[in-house]
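Me: I would like to go through this structure term by term and ask what stands behind each label. Please set the values against the definitions as you reply.

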Amino acid sequence: MVTFFGQMKPGPSIGEYLIQRLYAHGVRHVFGIPGDYVLGFYDRLFKSKLRIINTCDEQGAGFAADAYARVRGLGAVCVTYCVGGLKVANTTAEAFAEKSPVVVISGAPGIKEREKNPLLHHKVREFDTQKRVFEQLTVASTVLSEPQTAFQEVDRVLHAALRFKRPVYIELPRDLVSVPGIPHHRASEIHERSDSKSLRAALSEAEQMINGARKPVILADVEVHRFGLQDQVLRLAQRTNIPVAATVLGKSVIGEQHPFYLGVYEGAMGRDDVRQYVERSDCVILLGAFMTDINLGIYTARLDPARSIYATSEKLSIRYHTYEDVRFKDFMRGLLKLRLRRRALGRIPHPTPVNSFAFRNGKAPVTVKRLFERLNAFLSDNTVVVADVGDALFGAADLFIRHRTEFLGPAYYASMGFAVPASVGAQLANPKLRPLVLVGDGAFQMTGMELATVARYRLNPVVVVLNNSGYGTERQMQDGPYNDVWPWNYSRLPEILGAGRGLVVETEEELDGALIEAEHWKESFCLLDVRLGRLDRSPALERLAARLAKRL
Ligand SMILES: Cc1ncc(C[n+]2csc(CCOP(=O)(O)OP(=O)(O)O)c2C)c(N)n1
Ligand SMILES: [Mg+2]
């Protein structure tokens with residue numbers, strides 16, 4: 001770039017370029033913990049328009065970035081070499097498995113210093129050991145070791161994250177952060193198109209099949225959310241009067257109060273009326289669906305490919321025909337242009353909303369079932385439910401979510417410890433949302449210390465600890481002392497953290513009072529230590545446990 005006075009103004013450095021591109025893609029916060037290999041980049045981040053969010057542990061940063069990506073479309077976590085990087089291996093695995101586009105940025109030893117000193121600190125085995133681990137956990141990865149190609153590499157890798165909605169890995173050797181890349185580089189916008197013949201053929205078969213069907217049904221899953229296709233799905237339903245069910249992972253892609261909404265389909269684990277409706281349909285339109293075991297109720301789901309249209313970002317098949325090179329978005333758009341007949345909206349099952357909670361006996365101990373009934377009434381239009389693994393997640397499947405994208409839970413990879421840090425990411429991604437965190441005592445003990453991060457950045461989730469004295473889900477399958485946890489005094493954490501409010505809940509009356517208080521007190525987090533019976537469980541877990549036990 002030549003300035004007015006004819007001097008060459010250097011283009012951005014590699015570190016600056018990465019920051020610019022993250023910003024251009026809507027990222028405003030970067031989660032992580034620094035270390036000497038990434039300090040230079042942290043300084044650049046600090047001076048940039050992006051805000052650094054320091055978590056207590058890298059795993060917390062990884063979960064927060066994942067939730068941020070789920071709510072906002074792209075998230076970023078920035079850590080130091082190996083000691084930090086390998087701690088986000090698990091969260092990156094979860095983001096990969098559940099399709100969340102997280103950019104993992106790791107500092108690394110400088111390329112020059114590697115030559116002089118082969119035994120630099122934090123090194124595991126070879127200098128590329130961490131990179132090789134992340135190759136397995138991401139959809140694209142790069143080491144920005146060449147100024148000539150660094151900008152293109154950033155473009156390529158970020159494009160892959162957005163195209164596949166999966167995590168990517170960028171390693172930044174510390175001696176390259178300030179090095180300029182090639183001047184005059186323009187970020188390349190890559191537009192992939194569908195093969196038009198293949199798309200046309202697929203749409204024509206879809207049209208025939210849908211119009212010929214007696215009782216079609218749409219099953220909407222997580223990719224509808226990741227690709228921002230909620231409105232299209234809704235329009236398709238409205239135009240044709242075809243009802244919609246969601247999976248657990250895709251829960252809340254459609255507002256659950258919608259007249260076309262059937263409920264969550266989870267094979268034999270879910271509500272029976274939804275299961276029957278979907279399984280008896282002669283045309284199941286699976287949109288953005290993951291055929292996972294938990295999503296579909298531990299393999300109990302009976303979906304016949306001969307009666308299915310299966311469209312995702314990776315695959316499109318109709319009955320037994322597979323169509324290559326058709327992008328999910330194009331297929332969805334195409335569906336809306338078809339001449340699909342509008343049918344009479346027959347009688348369809350609906351989830352039963354629980355609006356009012358009146359306790360029969362205020363002194364009765366809280367049960368999981370009653371807890372969720374009461375929580376249902378607590379949900380408002382700006383609640384985002386963030387559920388951790390365990391009965392928190394199973395019970396939450398029956399919650400009645402008012403709008404879309406307001407349910408986050410690791411329903412497939414199922415790593416414990418997601419919810420508290422994820423609430424940090426979710427609320428920063430959209431400050432209008434107030435997270436309702438549902439977390440088991442076991443999962444809370446893994447990452448609950450991220451409440452310190454909540455306090456530090458002045459966030460205000462309502463955290464419900466389902467305290468059943470241990471790993472309840474495991475107990476249902478096989479019990480032993482290995483399922484116990486040390487009983488913490490959860491409600492007193494605010495004393496340690498100097499922020500928040502803690503309440504112990506044993507009875508229905510106390511639950512009611514605590515939630516009313518939480519609704520009004522918004523200065524910081526509210527933690528409810530809800531004491532439950534060791535073997536108490538939600539109706540959904542009851543169904544699931546019975547099935548899992550048979551398979552052991
Ligand atoms: C990181 C991780 N470790 C172990 C497991 C296996 N696991 C699944 S559920 C569960 C128990 C969860 O306990 P808690 O968080 O208290 O919830 P609860 O089942 O009691 O509702 C365990 C250990 C897991 N899913 N993730
Ligand atoms: Mg528990």
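Predicted model: local features only at pLDDT ≥ 70, side-chain atom pairs only at ≥ 80, totals over all residues.

Me: Why are α8 and α12 called oblique to each other?

Reply: The axes of helix α8 (residues 196–212) and helix α12 (residues 328–337) come within 10 Å and cross at roughly 45°. Angles under 35 degrees count as roughly parallel, over 145 as roughly antiparallel, 65 to 115 as roughly perpendicular and the rest as oblique, and α8 and α12 are therefore oblique. The crossing of α8 with α12 is right-handed.

Me: Which residues of α8 and α12 meet?

Reply: With contact meaning heavy atoms within 4.5 Å, L199, A202, L203, A206 and I210 of α8 meet D330, F331, G334 and L335 of α12. By class, this contact of α8 with α12 has seven nonpolar, one polar and one charged residues.

Me: What makes α10 and α12 roughly parallel?

Reply: Helix α10 (residues 230–240) packs on α12 at an angle of about 25°, with the axes 10 Å apart, and that angle makes α10 roughly parallel to α12. The crossing of α10 and α12 is left-handed. Their contact is made by Q232, V233, R235, L236 and R239 of α10 together with M332, R333, L335 and L336 of α12, and by class it has five nonpolar, one polar and three charged residues.

Me: How do you know that S141 and I309 are buried?

Reply: Buried means under 20% relative accessible area, with exposed over 50% and partly exposed in between (1.4 Å probe, protein chains only). S141, in strand β5 (residues 140–143), has a relative accessible area of 14% and therefore counts as buried. I309, in strand β11 (residues 308–311), is at 0% relative accessibility and so is buried too. Leaving aside neighbours within four places in sequence, the contacts of I309 include A206, M209 and I210, and also F331.

Me: What makes helix α4 mostly covered?

Reply: In helix α4 (residues 89–97), seven of the nine residues are buried, namely A89, T91, T92, A93, E94, A95 and A97. These buried residues pack against α3 (58–72), β4 (102–108) and α6 (129–137). After α4 comes K99, whose phi is positive, near 60°.

Me: Which residues are the protein donors of the magnesium ion (ligand 2), and how do you know that they are donors?

Reply: Donors are N, O and S atoms within 2.8 Å of the metal (3.2 Å for Na, K and Ca), and water is not among the atoms, so sites may look incomplete. D441 (OD), N468 (OD1) and G470 (O) lie 2.0 to 2.1 Å from the magnesium ion (ligand 2) and are its protein donors. In sequence these donor residues are spaced D-x26-N-x1-G, and both N468 and G470 are buried.

Definitions and conventions:
Residues numbered from 1 in each chain as written. Chains lettered and ligands numbered in written order. Heavy atoms only, no water. Axes fitted to C-alpha atoms, helices over the stretch in contact; angles between N-to-C directions. Helix = DSSP H or I, 4+ residues; strand = E, 2+ residues; numbered from the N terminus. Left-handed = near helix turned anticlockwise from the far one by under 90°. Nonpolar A, V, L, I, M, F, W, Y, C, P; charged D, E, K, R; others polar.
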